[in-house]
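Let's take a walk through this protein, starting with the overall picture and then zooming in on one helix pair and its charged neighbours.

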Amino acid sequence: MNDLTVSNIERQNVLNNSYALQAIQENLDVNGLRFHDQVLFTTKMMAEFYGVDERTIKRYIQEYGDELRANGYFLSQGNSLKEIRLHFDGDINVPNKVRKLGVFTFRAFLNIGMLLTESERAKQLRTRILDIVIATINGRAGGGTKYINWRDRDYLPTAIKSENYRKIFTQAVGKYVEGIPTYKYEQITDLIYKAVFRENAKEYRVVLRLQNEENVRHTLYAEVLLCISSFENGVAYQIEKQYSENGNRQLSIEEVKTIIDDLATAPMMEPFINDARSKMASRDVAFRDAWHGNLAEYLRAVTPDEFDKFIGDASIDFDNILEANREVLKRLKQADDDDE
């Protein structure tokens with residue numbers, strides 16, 4: 001993970017992960033104000049905890065106000081402030097003349113801790129946060145995240161459909177493209193991978209630290225796999241069409257490359273390709289600590305729903321999915337390796 005003090009995406013990947021937040025709250029020795037099932041902190045409490053002046057906290061509020069408000073910071077005033085005063089009955093020292101009180105939820109409390117560069121305690125907190133986040137993700141993913149994409153309920157149905165489309169593609173390449181079978185499959189697949197996520201299979205392997213025997217396609221998220229399958233299906237159709245138009249003459253690799261380049265810039269494919277790039281780049285950073293440098297512009301924070309999809313109640317237990325679908329997965333693993 002990158003430096004939390006400089007990366008809004010990294011900070012949000014922590015704050016959007018409700019499972020990690022719960023673990024962090026359970027592991028930190030932090031005493032806030034219990035109010036309506038929440039833990040709240042005043043600006044003074046924040047300054048005391050982090051060992052900085054209140055003016056420093058206020059400066060960060062001014063500089064990062066939108067981010068902090070999105071993560072739970074708010075101004076309590078009117079009846080809300082009156083209720084807080086009555087609830088804590090002197091536990092907080094807020095003069096009656098104060099009409100507005102800055103209040104931090106636990107999320108906002110962590111948010112400030114991820115921003116503060118002047119505080120040694122905040123620095124220590126950031127280290128603990130990252131350790132807990134990594135442990136939480138790995139623990140909930142069954143010990144590792146290389147195949148965290150399999151925890152998505154949509155993965156297996158998509159993988160099965162993808163295998164069928166892959167056969168249509170390989171048959172078209174085998175019949176209508178000139179060249180040595182294994183070599184031309186590898187070349188054309190790499191051209192498609194480059195078109196969709198700007199990395200060939202070898203480059204992708206390096207990013208995900210895959211072993212030689214591990215299949216690239218088995219690590220792809222369902223949405224990315226669907227995009228690849230759609231792309232391959234379109235390429236297969238155009239290869240066969242051009243073969244017929246050319247008087248049944250086999251296409252060269254260069255002619256196939258032109259087909260792929262044209263499809264990559266087709267308006268109908270743009271939303272699918274952009275979505276695949278964004279999901280792969282963003283999820284791999286959050287779940288696999290893998291950085292796709294060529295897709296940096298597509299990076300965004302992983303949403304709470306995505307955390308739930310892969311490590312939460314909406315996910316499928318990794319061990320159970322292996323056992324329940326052993327024969328299907330075995331067939332997928334035995335699929336032709338010419339896709340890499």
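## The overall picture

Helices here are DSSP runs of H or I with at least four residues, strands are E runs of at least two, and both are numbered from the N terminus. Keep in mind that this is a predicted model. On that count, the protein has 17 helices and four strands.

Of its 340 residues, 51% count as buried. Looking at contacts between residues at least 6 apart in sequence, 70% join residues at least 24 apart.

## Two helices that cross

Two packed helices are described by the angle between their axes and the distance between the axes. For helix α12 (residues 222-245) and helix α14 (residues 270-288), the axes come within 9 Å and cross at roughly 145°. The handedness of the α12 and α14 crossing is left-handed.

Which residues do the meeting? On the α12 side they are Glu223, Val224, Cys227 and Phe231, and on the α14 side Phe272, Ile273, Asp275, Ala276, Lys279, Met280 and Arg283. Sorted by class, this contact of α12 with α14 has seven nonpolar residues, four charged ones and no polar ones.

## A charged network

Side chains of opposite charge can pair when their charged atoms come close. The structure holds 18 salt bridges, and a few are worth a look.

Start with Arg283, whose side chain meets that of Glu306 in a salt bridge at 2.8 Å, N to O. Arg283 sits in helix α14 and Glu306 in helix α15 (residues 304-311), so this pair ties together parts that are 23 residues apart in sequence. Are these two partners buried or exposed? Arg283 counts as buried because its relative accessibility is 1%, and Glu306 is buried too, at 5%.

Glu306 also has a salt bridge with Arg300, at 3.0 Å from N to O. Arg300 counts as partly exposed, with 25% relative accessibility. Through shared partners, salt bridges join Glu223, Arg283, Arg300 and Glu306 into one network.

## One more salt bridge

Lys194 and Glu203 make a salt bridge through their side chains, at 3.2 Å from N to O. How exposed is Lys194? Its relative accessible area is 37%, so Lys194 is partly exposed. Glu203, at 33% relative accessibility, counts as partly exposed as well.

Definitions and conventions
Residues numbered from 1 in each chain as written. Predicted model: local features only at pLDDT ≥ 70, side-chain atom pairs only at ≥ 80, totals over all residues. Heavy atoms only, no water. Axes fitted to C-alpha atoms, helices over the stretch in contact; angles between N-to-C directions. Left-handed = near helix turned anticlockwise from the far one by under 90°. Contact = heavy atoms within 4.5 Å. Nonpolar A, V, L, I, M, F, W, Y, C, P; charged D, E, K, R; others polar. Buried < 20%, exposed > 50% of the residue type's maximum accessible area, 1.4 Å probe, protein only. Salt bridge = Lys/Arg side-chain N within 4 Å of Asp/Glu carboxyl O.
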